[in-house]
Amino acid sequence: MGHCPCFGFRKKANRGEKLTFQQEEHSKVIEKKLHSPHNVSAEKPSGLLTPEATFATKEIDHSNNKAHIFTFRELATATKNFRDETFIGQGGFGTVYKGKLGKLNQVVAVKRLDTSGAQGEKEFLVEVLMLSLLRHPNLVNLIGYCAEGDQRLLVYDYMPMGSLESRLHDLPHDKEALDWNTRMKIATGAAKGINYLHNEAKPSVIYRDLKSSNILLDKGFVPKLSDFGLAKFGPTGDQSYVDTRVMGTHGYCAPEYATSGKLTRRSDIYSFGVLLLELITGRRAYDENRGHDKHLVDWARPKFKDRKNYSKLADPKLQDHYSGSGLTMAIELASMCLREEPRQRPDAADIVIALDFLSSKQYVQRVPIDFDEKDKYTNDSPKAIMTVLTKDVQREEAVAEAKLWGKTWRDRKQNDQSSLEEINR
Ligand SMILES: Nc1ncnc2c1ncn2[C@@H]1O[C@H](COP(=O)(O)OP(=O)(O)OP(=O)(O)O)[C@@H](O)[C@H]1O
Ligand SMILES: [Mg+2]
């Protein structure tokens with residue numbers, strides 16, 4: 001299968017390209033705001049400053065959303081002059097710092113653009129434009145930005161649990177691995193974010209950069225999609241795709257997009273399949289250290305063919321703490337999202353239904369209940385809930401499960417059949 005040979009890792013990569021017509025229209029509005037005489041940020045940067053700055057933010061109204069315009073001085077103060085102790089991480093766009101906005105008494109993440117030139121400027125504009133237009137509980141919240149002289153900074157809600165990538169792959173040995181229920185909750189939230197972009201936002205948006213490092217985790221592991229600098233408004237009229245230069249991150253890119261540059265919503269669905277596989281297996285989408293198995297999808301795909309192999313796909317860090325049916329559903333959903341033929345991949349709305357169902361079936365670790373110990377559990381404790389689950393509830397769940405997955409399987413068979421017919425024609 002194809003991967004994106006032309007761009008490799010997106011970290012520190014060149015990410016510029018033409019904006020679509022609609023983006024240009026919206027970005028003109030934002031650019032006008034950025035350069036309006038009322039914009040306090042339109043002056044030259046005043047360098048790194050001492051913390052007595054006044055809180056001189058202005059607000060602009062993007063229909064129902066408001067984004068603060070910060071002065072460089074305010075953000076330098078918030079991050080203690082971008083000192084090392086406030087450093088969170090480095091990405092392709094720039095450096096991220098933790099800060100505190102005194103007057104709002106709010107902890108924030110400040111992303112400071114370090115790519116100079118038109119390309120960085122374009123991504124900055126697209127990010128401000130997209131996040132000003134879009135609002136959803138599973139999308140990161142842009143509080144505001146600074147565009148003072150050459151400085152370009154973005155200010156977001158601070159996400160205390162870091163990125164999914166760091167929780168899944170870079171966890172220190174003394175920290176507990178993400179459990180199955182949390183992984184499915186994260187997958188469900190991410191799917192809801194994608195469904196909002198594809199099916200609810202007007203105009204619809206193709207995210208184009210779905211990956212574990214772009215899923216930030218709020219309190220309670222609520223996932224938030226971040227980094228919209230590569231996003232595109234969906235196709236309009238009769239057009240079913242958007243023509244773009246191939247951009248993305250190694251390991252997540254849909255094969256047809258890599259080879260043709262034709263971007264559709266189903267390219268995001270493929271990336272979602274990779275992400276789900278990452279959650280199931282605990283392996284990186286692309287891992288140079290794994291030699292022959294460096295592409296997660298290439299390693300996993302042969303195992304989709306036989307359910308007997310499914311347990312080989314489960315992350316060893318889960319220590320078998322998942323239900324067999326939950327694992328089966330998750331793998332089958334991932335395999336549908338990863339189909340080579342884009343039209344056979346499910347729509348984001350169907351993925352949300354399947355994952356809502358899957359994560360409603362919480363895995364509860366079976367604890368052998370000692371007769372003498374039994375009374376220690378109140379009826380509300382999770383352990384007790386396990387034991388008092390009535391047969392009726394179990395039967396109801398089993399019926400609902402069978403119906404949903406029966407339907408999915410019928411659809412799949414139908415699709416496979418019609419594509420076979422197409423090929424034979
Ligand atoms: N709002 C935020 N709250 C907390 N941490 C954040 C926030 N935004 C970004 N980070 C962290 O900052 C680091 C850099 O993020 P950034 O988005 O710039 O790069 P990336 O996602 O790692 O790579 P890429 O540029 O390819 O998307 C990451 O570790 C990320 O978890
Ligand atoms: Mg990112």
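Start by selecting Gly 326: leaving aside residues up to four places away in sequence, Gly 326 touches Trp 180, Leu 358, Lys 361 and Tyr 363. Here two residues are in contact if their C-beta atoms, placed from the backbone, lie within 7 Å.

Before going on, a word on what is on your screen. This is a predicted model, in which local features need pLDDT of at least 70 and side-chain atom pairs count only at pLDDT 80 or more, while totals for chains, interfaces and linings use all residues. Residues are numbered from 1 along each chain as its sequence is written, and chains are lettered from A and ligands numbered from 1 in the order in which they are written.

**Stop 1: around Gly 326**

Keep Gly 326 selected and show the cartoon: Gly 326 sits in helix α10. Helices (H or I, at least four residues) and strands (E, at least two) are DSSP runs, numbered from the N terminus.

**Stop 2: zoom out**

The protein has 13 helices and 13 strands. Of its 425 residues, 38% are buried. Among contacts between residues at least 6 apart in sequence, 66% join residues at least 24 apart.

**Stop 3: ligand 1**

Select ligand 1 next. How many residues surround ligand 1? There are 22, and the closest are Gly 89, Gly 91, Gly 92, Ala 109 and Ser 163; a residue is near a molecule or strand if its C-beta atom, placed from the backbone, lies within 6 Å of it. The largest share, 3 residues, comes from β3.

By class, the shell has 9 nonpolar, 9 polar and 4 charged residues. Ala, Val, Leu, Ile, Met, Phe, Trp, Tyr, Cys and Pro count as nonpolar, Asp, Glu, Lys and Arg as charged, and the others, Gly among them, as polar. Domain 1 (21-157) and domain 2 (164-365) both give residues to the shell, so ligand 1 lies between them. Those domain bounds come from an automatic or database domain assignment.

**Stop 4: a helix pair**

Show α5 (residues 180-200) and α7 (residues 265-281), which pack at an angle of about 175 degrees with their axes 10 Å apart. Axes are lines fitted to C-alpha atoms, for helices over the stretch in contact, and angles run from 0 to 180 degrees between N-to-C directions. That angle makes α5 roughly antiparallel to α7; angles over 145 degrees count as roughly antiparallel. Where they meet, pick out residues including Ile 186 and Ile 194 in α5, and Phe 272 and Leu 276 in α7. The residues of this contact divide into 9 nonpolar, 1 polar and 3 charged.

**Stop 5: backbone details**

Go to Lys 202 and Pro 203, joined by a cis peptide bond with omega of about -5 degrees. Pro 203 is in the loop between α5 and β8 (205-206).

Next comes Asp 227, in the loop between β10 (223-225) and β11 (232-233). Asp 227 has a positive phi of about 65 degrees although it is not a glycine. Asp 227 is buried, with 26 other C-beta atoms within 10 Å.

Finish at Gln 319, in the loop between α9 (310-313) and α10 (324-337). Gln 319 is not a glycine either, yet has a positive phi of about 50 degrees. Gln 319 is exposed, with 11 other C-beta atoms within 10 Å.

Terms used
Parallel < 35°, antiparallel > 145°, perpendicular 65-115°, else oblique. Buried ≥ 20, exposed ≤ 12 C-beta atoms within 10 Å, placed from the backbone.
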